[in-house]
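Please read the points below alongside the sequence and the coordinates.

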Amino acid sequence: MKKDLPKIDEHNFPIIFKHLTYFIKDEVLKTGVNRVVLGLSGGVDSAAACYLASGALGKDNVTALLMPYKSSSKSSLEDALKVVEALGISHYIIDITKQVDGYFQAEKDGTPVNDIKIRMGNKMSRERMSILYDYSYKLKSLVLGTSNKSELLLGYGTIYGDMASALNPIGDIYKTQIYQLAKLLGIPDSIMAKPPSADLWLGQSDESELGFTYEAADSIMYLLIDKMYKPEVVVSLGYDAGIVNAVYNKIKKSQYKRRMPLIAKVSERTINIDFRYLRDWS
Amino acid sequence: MHAINVLLAQINPYVGDLKKNIEKHLEFIKAAPAAGAEFVIFPELSLTGYFLKDAIYDIGVNLNSEEEASVFEPLYKASLDLGISVIAGFVEKDENYNFYNSSFCISKGKIINVHRKVYLPTYGMFEELRYFKPGGGFSIFDMAGVKASILTCEDAWHLSSSYIAVNKGAEIIVVNSASPARGITEGLDKFSSINMWEELLSVIAFYYRSYVIYVNRVGFEDGIGFSGGSCIFGPTGEMDARLGYLEEGYLKVEINLDLLNNERFKTPLIRDENLNLTLKEIEGIINSK
């Protein structure tokens, strides 16, 4: 029995592309709008989502927002612009330095450096979300999510920040597979070549923060989640017990980020508990 | 040549909107005569959408209530006027307010058969048993002079369903479905779920020496996409024709009874089936439990 995370290759790519573009088209059009807006970071995830959106809705119906902070890497903006150019989509560059710095002017005193880094990272992420949702209204566009399955499962994202969107075409695709998908989508090499980073501060690296590589985590999460194997079974198959447990704990601890807020049940029929309809119900 | 022509109608239904879906059905039914078909088959819950959840309460139709059943009047009329028979899926409600995942066959303006889905998947992403009552069996009906039986999606996953249908006399097994696309396989140009379905349908067609018509829907409901790929397998177990995956469309297919009879003569598996032995064994299994 094959137990490796399956690769997106030239054989399965056409149907995956057809599926993901149909998803975007069908789920966007049924809401009564025909456009999406997304944050383009210069990384591989948002680039892949952008290529899919353009393939689904046409280049005239996709808008990218590039939202650098003063410490964002120059190459991020350049890479994002490469995507904009390659697809011929419209874009806006909105610097978020002023509002983030303005807020933290009054907050910084006495906070340990490490905490302020995380708080500022979260703030930047939510600032971008807030701008995306403003542009959602302004451009009559749905916000397209760009979080991959790996970061959603590991909780490596900001709740109500980069994790917020109306719909997400790549949220069931692991980071390792995103690279395979991106290559087949024809995404520029410079985007593929750099190490994964949230780029919230200088030199930030996903993999050093997580303590393991995406490749290691993805092959484990494929067994834990997709195959529903217990952690001890995954370890028995030869995977590093330390990483398996670290991954499993991260998944459990971040469950709250993937759910709607809890509502205290008082009435006989409560939103999302026993008032059950599809979002597509409307 | 003894043959009938069937149109596979691979649609993307509007979730929870009976009226709009009836209109969509009429478009496809009206296309049938020009395509040379006398029969049109739609997917599971084609008139309502699939993941209805609490909306099932609002969309159920009691066929014994003249007032409620009249909602399907445009379909009865089209069937009569155009001489086209139709199989479509809907939410059925009975007098006791039980709901069923049902499919009807309309011929010459009248409902001639209703199949209530027997095996209601309630695991993984599925929750049918939460809302629906299971049907009580598999019936045979006349499909333009040929004996047919409907198996709705999960019904086909239980090989006993096709066993019963064929031994009751079915020559055509209609599998109407709302099967979500899922599973990536390296080196394979389709979803794993599609591959599994095609293997299953081939086995049913080959070992029961029958035509198997698979009509699966397309479109998305809250992120879940249905795979389409409606197709027909002949009694040799080979796929004769198939619609594209993940796109609306229709396809006319031919069912050739001469070929079916030829295969059944050469490999008389159904003739040789020992029903008494099966009965004895099943009684033994039930008694031992």
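Predicted model: local features only at pLDDT ≥ 70, side-chain atom pairs only at ≥ 80, totals over all residues.

1. Residues are numbered from 1 along each chain as its sequence is written, chains are lettered from A in the order in which they are written, and side-chain values use heavy atoms, without hydrogens and water.

2. In chain B, the axes of helix H1 (residues 18-35) and helix H4 (residues 73-82) come within 10 Å and cross at roughly 5°, which makes H1(B) roughly parallel to H4(B) (angles under 35 degrees). The residues of this contact (heavy atoms within 4.5 Å) divide into eight nonpolar, one polar and one charged, among them Ile22(B) and Leu26(B) in H1(B) and Leu75(B) and Ala78(B) in H4(B).

3. Over all chains the count comes to 27 salt bridges (a side-chain nitrogen of Lys or Arg within 4 Å of a carboxyl oxygen of Asp or Glu). One of them joins Lys18(A) to Glu247(B) at 2.6 Å, N to O, and this pair crosses between chains.

4. Within helix H3 (residues 74-87) of chain A, Lys82(A) and Asp79(A) lie three residues apart and form a salt bridge with closest N and O atoms 3.4 Å apart. Asp79(A) is buried, at 5% relative accessible area (buried means under 20%, exposed over 50%, partly exposed in between, with a 1.4 Å probe and protein chains only), whereas Lys82(A) is partly exposed at 38%.

5. Asp26(A), Glu27(A), Lys30(A) and Asp280(A) are linked in a network of salt bridges.

Notes. Axes fitted to C-alpha atoms, helices over the stretch in contact; angles between N-to-C directions. Helix = DSSP H or I, 4+ residues; strand = E, 2+ residues; numbered from the N terminus. Parallel < 35°, antiparallel > 145°, perpendicular 65-115°, else oblique. Nonpolar A, V, L, I, M, F, W, Y, C, P; charged D, E, K, R; others polar.
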